[in-house]
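Subject: Structure for you to look over, with notes

Dear colleague,

I am passing on the structure below, followed by an account of what was found in it. Please read the notes with the structure open beside them.

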Amino acid sequence: NVLTAREIRKSFIDFFLERGHTFVPSSPIVPHGDETLLFTNAGMNQFKDIFVGLTAPQWPRAANSQKCLRVSGKHNDLEEVGKDTYHHTFFEMLGNWSFGDYFKAEAIAWAWELLTKVWQINPDQLWASVFAGDEKDGLPKDEEAARLWTKVTPIPPERVLGFGKKDNFWEMGDTGPCGPCSEIHIDLGPDACNMKGVPGHTCGVNGDCARFIELWNLVFIQYNRQPSGNLVPLAAHGVDTGAGLERIVAVLQNKRSNYDTDLFMPIIERTSELCGHTYTARLGNKTDNAFRVIADHIRTLVFAITDGATPSNDGRGYVIRRILRRASRFGRELDLHEPFLHKLVPVVVDMLGEAFPEIAERAQHVTTVVEAEEASFGRTLDRGLDIFRGAADRAATTPDKTIPGDDAFQLYDTYGFPLDLTQLMAQERGLAVDTGRFAQLMDEQRQRARAAKKSDALLANLTDSELPTTDDQPKYEVDRCESTLLGWI
Ligand code: ATP
Ligand code: MG
Ligand code: MG
Ligand code: MG
């Protein structure tokens, strides 16, 4: 009797409702009124003011399934999508929270109970982790959590491992509530390792193969990270947990890949109908990869556009534009040469419109936006791909195997290719892109635009402070350039 994704989401929420939690609906994926964050990246985002004491909680305990996007800033999983089977740009994070109410013991005991009793995951496959401390931040090891794991669950001590800040200290961004965490990982067995025979590889928790997968993060909120970088202890302790729905569903439906579950297969099947190719679920296979990337990206587009993001040239809008153009170009791998992404919108709405009614309400708007954007990029895409091929062929014959920044800039400026798309295609051919030169050309273009604007303004007799600044100084320009040029190389 295999549970559907819908039933699994519901059983999580019901479990915590039975334990005194209030269902608090997911916040929008585009955080309104939070300039520190491009997109919601975890369940706790909407509660951060409660944790730092700025707002009083209306409930001592809460639970939900939060819409999350990890395509920018501190948490960016775009590069993993399609290459592995368990990192998505859009995913649902199941969560339960305590606002100054219960703490580590209950959080650990309930997570274990839900996984092993309700969902009946074999306890012998589960591993736990605790924070091992960090000298630089002056943070001690989480001895309390280490003790509790063996006290409130039957897990043997050798399956409770200590890790440092990277894995076991959770922060949503550069500032905000944070704390040490304990995680639960599942061992899917030696067959699940996708790095067999790679020299020096050993399978393990927080390792680099697909044998051990992180399922659930229990964060013990104890500090607030100040803009200065200092950690200030919070008066009231809290619990903030996050479990990836798509990963839990894969485990409970006995699938090797999140894409094989009922959260993705309907999208893949519809794509297959549209293009005539068959999905064969192989990792590292170009066609299969295209199916996975498209299935991932259309979910992101539906949720982000529903919540108010629109494709544009800066900030949030540029992230969305990049995702759409990337998906569109992967469509070419499946011989889809006409706009097709908008035809997948109803499939996403069918699957998730019950849990998130807003996507059903906005379906027509999303379809229109996606189709218009696809059509406009489609007009230059094939020509751009030709230009790219020429540049890549030339670069392949040079010793440094690098596509010149001038070519990347032409693709960006004339054909609408985001830099990371050019980089991705270069990478597929074992080539690099000269991003230094690209950045220089971008800068020159920006300065030209600024100068042009200034002379226009002078003509109109405006003073400098009266000049509109939004266009030449997009609010999220830093994020866009840094994540494109630094984070994604
Ligand atoms: P990983 O180490 O696998 O990248 P993480 O440590 O970055 O995960 P957390 O920030 O702890 O993840 O988020 C809580 C949970 O959300 C994870 O335990 C996982 O189940 C899920 N999750 C995180 N990132 C993704 C993603 N990109 N796609 C799907 N699920 C995710
Ligand atoms: Mg991660
Ligand atoms: Mg992790
Ligand atoms: Mg984690």
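Threonine 241 is part of strand S11, where strands (DSSP runs of E, at least two residues) and helices (DSSP runs of H or I, at least four residues) are numbered from the N terminus. Threonine 241 counts as buried because it has 27 C-beta neighbours inside 10 Å; a residue is called buried if 20 or more other C-beta atoms lie within 10 Å of its own, exposed if 12 or fewer, and partly exposed in between, with C-beta atoms placed from the backbone. Apart from neighbours within four places in sequence, threonine 241 is in contact with Gly95, Asn96, Ala107, Ala111, Trp216, Asn217, Leu218 and Val219, contact being taken as C-beta atoms, placed from the backbone, within 7 Å. Valine 349, by comparison, is 108 residues away along the chain, and its C-alpha atom is separated from that of threonine 241 by 27 Å.

Before going further, please note that this is a predicted model, in which local features need pLDDT of at least 70 and side-chain atom pairs count only at pLDDT 80 or more, while totals for chains, interfaces and linings use all residues. Residues are numbered from 1 along each chain as its sequence is written, and chains are lettered from A and ligands numbered from 1 in the order in which they are written.

Two of the contacts of threonine 241, Ala107 and Ala111, are also among the buried residues of helix H3, together with Lys104, Ile108, Trp110, Trp112, Leu114 and Leu115. Helix H3 covers residues 104–118, and its 15 residues reach 20 Å from first to last C-alpha, close to the 21 Å expected at 1.5 Å a residue, that expectation being 1.5 Å times one less than the number of residues. The buried residues of H3 pack against helices H1 (5–17) and H4 (143–152), and against strands S6 (126–131), S9 (176–187), S10 (212–225) and S11 (231–244). In the loop between H3 and S6 lies glutamine 120, which has a positive phi of about 55 degrees although it is not a glycine. Glutamine 120 is exposed, with 9 other C-beta atoms within 10 Å.

The domain assignment gives domain 1 as 5–252 and domain 2 as 264–395, with bounds that come from an automatic or database assignment. The centres of the two domains, taken over C-alpha atoms, are separated by 29 Å, and 20 residues of domain 1 are in contact with 19 residues of domain 2. On the side of domain 1 that touches domain 2, H1, strand S2 (61–69) and strand S3 (71–72) each supply at least two residues, the largest share, three residues, coming from S2. The residues of that side divide into nine nonpolar, eight polar and three charged.

Two further places deserve a line each. Alanine 281, in the loop between helices H7 (265–275) and H8 (286–306), has a positive phi near 60 degrees and is partly exposed, with 16 other C-beta atoms within 10 Å. Helix H14 (residues 419–428) is mostly covered, seven of its 10 residues being buried, and it is followed by glycine 430, whose phi is positive, near 70 degrees.

As for the whole, the protein has 16 helices and 13 strands, and 43% of its 489 residues are buried. The radius of gyration is 24 Å, which agrees with the value near 23 Å that a compact globule of 489 residues would have, the radius being taken over C-alpha atoms and the globule rule being 2.2 Å times the number of residues to the power 0.38. The C-alpha atoms fill a box of roughly 70 × 55 × 50 Å along the principal axes. Among contacts with a separation of 6 or more, 72% are between residues 24 or more positions apart.

With best regards

How values were computed: Ala, Val, Leu, Ile, Met, Phe, Trp, Tyr, Cys and Pro count as nonpolar, Asp, Glu, Lys and Arg as charged, and the others, Gly among them, as polar.
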